[in-house]
Amino acid sequence: MREYTIIGITGSTGAGKSSITQYAKSIGCYIIDADLTARKILEKGSVCLSCLSAAFGNDIVNSDGTLDRKLLAKKAFSSRENTDKLNSITHPFIFAETVKTIDSIRSIKKDAVIILDAPTLFESRIDVICDYVTAVICPESIRRERIIKRDNLSEADADIRLKAQKDDSFYTERSDFVLNGAEKTEKLHMQLNDIILKITKHREVNEC
């Protein structure tokens, strides 16, 4: 059994994953943020950006060669078909970059607890490298309010993005643990502590 542990955190946009991973970082976990990884693979001049441009149109690339993220999001989340197209292009790049980051963390701490925050954990098949998966769910009304504030979206754009999301059952049926992102912060932190403790004890028993 490998010494390090990878816990996948997934769920719909606005469910509260970032708040949970921020707390995990504060208690010593290593965090891999799939959204930040996605930004890295879509830097100016990247192969992934060229692929997206071919699929969604040259207008998603600004005059300086950078990605127009708002326009891409508008196009990609306009339908489930377009969302799937976006994912089919970006996921292989994200997977490869994630594996590189894991190797880098392992070189620092062999028995690290790594939290992989990935909204499309299952769709990208990154769940295959996770030891455990935790789903974060939250009522759509709360998620809608959060993403409007977080991403400075109009109500119409927020509704388009939410419509492209999977149902809660998609995440809960495939996960080992479930957290309710609508709970108070303190309760969520306690629940995450319990999950990590259960995982740690389970690994210790298996190693005996």
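The legends below describe close-up views of one predicted model.

Local features are given where pLDDT is at least 70 and side-chain atom pairs where pLDDT is 80 or more, while totals for chains, interfaces and linings use all residues of this predicted model. Residues are numbered from 1 along each chain as its sequence is written, and side-chain values use heavy atoms, with hydrogens and water left out.

**Figure 1. Confidence along the protein.** The average pLDDT (the predictor's confidence in each residue, from 0 to 100) is 92 for the protein, and 97% of the residues score at least 70. Helix α9 (residues 185–207) has the lowest confidence, with a mean of 83, and α3 has the highest, at 97. Helices (H or I, at least four residues) and strands (E, at least two) are DSSP runs, numbered from the N terminus. Where pLDDT is low, the predicted coordinates should not be read in detail.

**Figure 2. The largest nonpolar core.** A nonpolar core is a set of buried Ala, Val, Leu, Ile, Met, Phe, Trp, Tyr and Cys residues joined through side-chain atoms within 4.5 Å. Buried means under 20% relative accessible area, exposed over 50%, and partly exposed in between (1.4 Å probe, protein chains only). The largest core has 36 residues, of which L52, L72, I114, L116 and L121 touch the most other members. At least two residues of this core come from each of α2 (34–41), α3 (47–56), α4 (69–76), α5 (80–108), β3 (113–117), β4 (132–137) and α8 (168–172). Helix α5 gives the largest share, five residues.

Figure 3. Contact here means heavy atoms within 4.5 Å. With its neighbours within four places in sequence left aside, L116 is in contact with I6, I7, G8, I9, I32, T98, L121, I126 and C130. A separate, second core has 18 residues, including I7, A15, L188 and I196.

**Figure 4. N82 in helix α5.** Residue N82 belongs to helix α5 and is buried, at a relative accessible area of 19%. Apart from neighbours within four places in sequence, N82 is in contact with F56, K75 and A76. Its side chain reaches the backbone oxygen of K75 at 3.2 Å.

Figure 5. All six residues of β1 (residues 5–10) are buried. From this strand, T5, I7 and I9 point one way, whereas I6, G8 and T10 point the other way. In a regular strand the side chains alternate between the two faces of the sheet. Strands count as paired if DSSP finds at least two bridges between them. β1 pairs with β3 in the parallel sense over five bridges, and D117 of β3 is the bridge partner of I9. β1 also pairs with β4 in the parallel sense, over four bridges, and A135 of β4 is the bridge partner of T10.

**Figure 6. Strand β5 beside β4.** The parallel pairing of β4 and β5 runs over four bridges, with V136 opposite L179 in β5. On β5 (residues 177–180), F177 and L179 form a covered face, and V178 and N180 an uncovered one.

**Figure 7. The salt bridge between K109 and D111.** A salt bridge is a side-chain nitrogen of Lys or Arg within 4 Å of a carboxyl oxygen of Asp or Glu. The whole structure has nine salt bridges. One of them joins the side chains of K109 and D111 at 3.2 Å, N to O. Both residues are partly exposed: K109 has a relative accessible area of 35% and D111 one of 45%. Side chains of opposite charge can pair when their charged atoms come close.

Figure 8. The side chains of D159 and R144 meet in a salt bridge at 2.7 Å, N to O. This pair links distant parts of the chain, with D159 in helix α7 (residues 155–163) and R144 in helix α6 (residues 140–151), 15 residues apart. D159 is partly exposed, at 34% relative accessible area, and R144 is also partly exposed, at 24%. The side chains of R161 and D151 form a salt bridge at 2.8 Å, N to O. R161 lies in helix α7 and D151 in helix α6, so this pair ties together parts 10 residues apart in sequence. R161 counts as buried, at 15% relative accessibility, whereas D151 is partly exposed, at 28%.

Note on methods:
Polar contact = N/O pair within 3.5 Å; in protein donor to acceptor, adjacent residues only side chain to side chain.
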